[in-house]
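Please read them with the structure open beside you.

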Amino acid sequence: MNDKRQEQLKKVIQEHPEINDRIKELRADSQSELQAQMIELLKEYGVELTAEDFKAPCEEFSDDELNAVAGGVFTPGCTCLSNGIHMLTGISEPFESGVSAFTRGG
């Protein structure tokens, strides 16, 4: 997600705190279905997102960086929607609190 879109998302969530409750009410059988519901919900507020916006950015690590974390636990890909939200906003607060963390900034 580009910076402009990220700032738009933060602004909309600050202006419409009811988004928190609406997101908490979403129910889905899969992560992709939940993402689609969130995309549709945010469209109502003028925020255009895609499933790609929920993906964690992939970056290459140097050998030194990889060696520094050797022995740790590896979880391939983004396994939950909350990780995608965190990547969108830079917020590390758990998703269970809704998106109220957006209003505090990253």
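1. The side chains of R5 and D53 meet in a salt bridge, with N and O 2.6 Å apart; the term is used here for a side-chain nitrogen of Lys or Arg within 4 Å of a carboxyl oxygen of Asp or Glu. R5 lies in helix α1 and D53 in the loop between α3 and α4, so the pair ties together parts that are 48 residues apart in sequence. R5 is partly exposed, at a relative accessible area of 25%, whereas D53, at 7%, counts as buried. Buried means under 20% relative accessible area, exposed over 50%, and partly exposed in between, computed with a 1.4 Å probe and protein chains only.

2. A word on the basis of these values: this is a predicted model, in which local features need pLDDT of at least 70 and side-chain atom pairs count only at pLDDT 80 or more, while totals for chains, interfaces and linings use all residues. Residues are numbered from 1 along each chain as its sequence is written, and side-chain values use heavy atoms, with hydrogens and water left out.

3. How many helices and strands does the protein chain have? There are five helices and zero strands, so that, by the definition used, the pattern is one of DSSP runs numbered from the N terminus (helices being H or I of at least four residues, strands E of at least two). Read along the sequence, the pattern is α-α-α-α-α. Of the 106 residues of the protein chain, 31% count as buried.

4. The structure holds four salt bridges, and two of them can be described alongside the pair in point 1. E15 forms one with K11, the closest N and O atoms being 3.9 Å apart; both residues lie in helix α1, four residues apart, which is about one turn of the helix. E15 is partly exposed at 47% relative accessibility, and K11 is partly exposed at 49%.

5. K43 and E40 also meet through their side chains in a salt bridge, at 3.2 Å from N to O. Both lie in helix α3, three residues apart, or about one turn of the helix. K43 has a relative accessible area of 36% and is partly exposed, and E40, at 43%, is likewise partly exposed.

6. Which residues touch the most other members of the largest nonpolar core? In this core of 15 residues they are I19, L42, V47 and L49. Helices α1 (3-15), α2 and α3 each supply at least two residues of this core, and α3 gives the most, with five. A nonpolar core is here a set of buried Ala, Val, Leu, Ile, Met, Phe, Trp, Tyr and Cys residues joined through side-chain atoms within 4.5 Å. In soluble globular proteins, nonpolar side chains tend to be buried together.

7. I23 lies in helix α2, which spans residues 18-25, and is buried, with a relative accessible area of 5%. The C-alpha atoms of I23 and M38 are separated by 7.0 Å, although these residues are 15 apart along the chain.

8. On the surface, E59, E60, D63, D64 and E65 gather in a patch of negative charge; a charge patch is made of residues with over 30% relative accessible area and no salt bridge, like charges being joined within 9 Å. E59 lies in the loop between α3 (31-43) and α4 (63-68), and at 54% relative accessibility E59 counts as exposed.

Note on methods
Patches are made of residues with over 30% relative accessible area and no salt bridge: like charges are joined within 9 Å, nonpolar side chains (Val, Leu, Ile, Met, Phe, Trp, Tyr) within 5 Å. Accessible areas come from the Shrake-Rupley method with a 1.4 Å probe; for residues, only the protein chains shown count as cover. Lys and Arg count as positive and Asp and Glu as negative; His and the chain ends are not counted. The place of a charge is taken as NZ of Lys, CZ of Arg, CG of Asp or CD of Glu.
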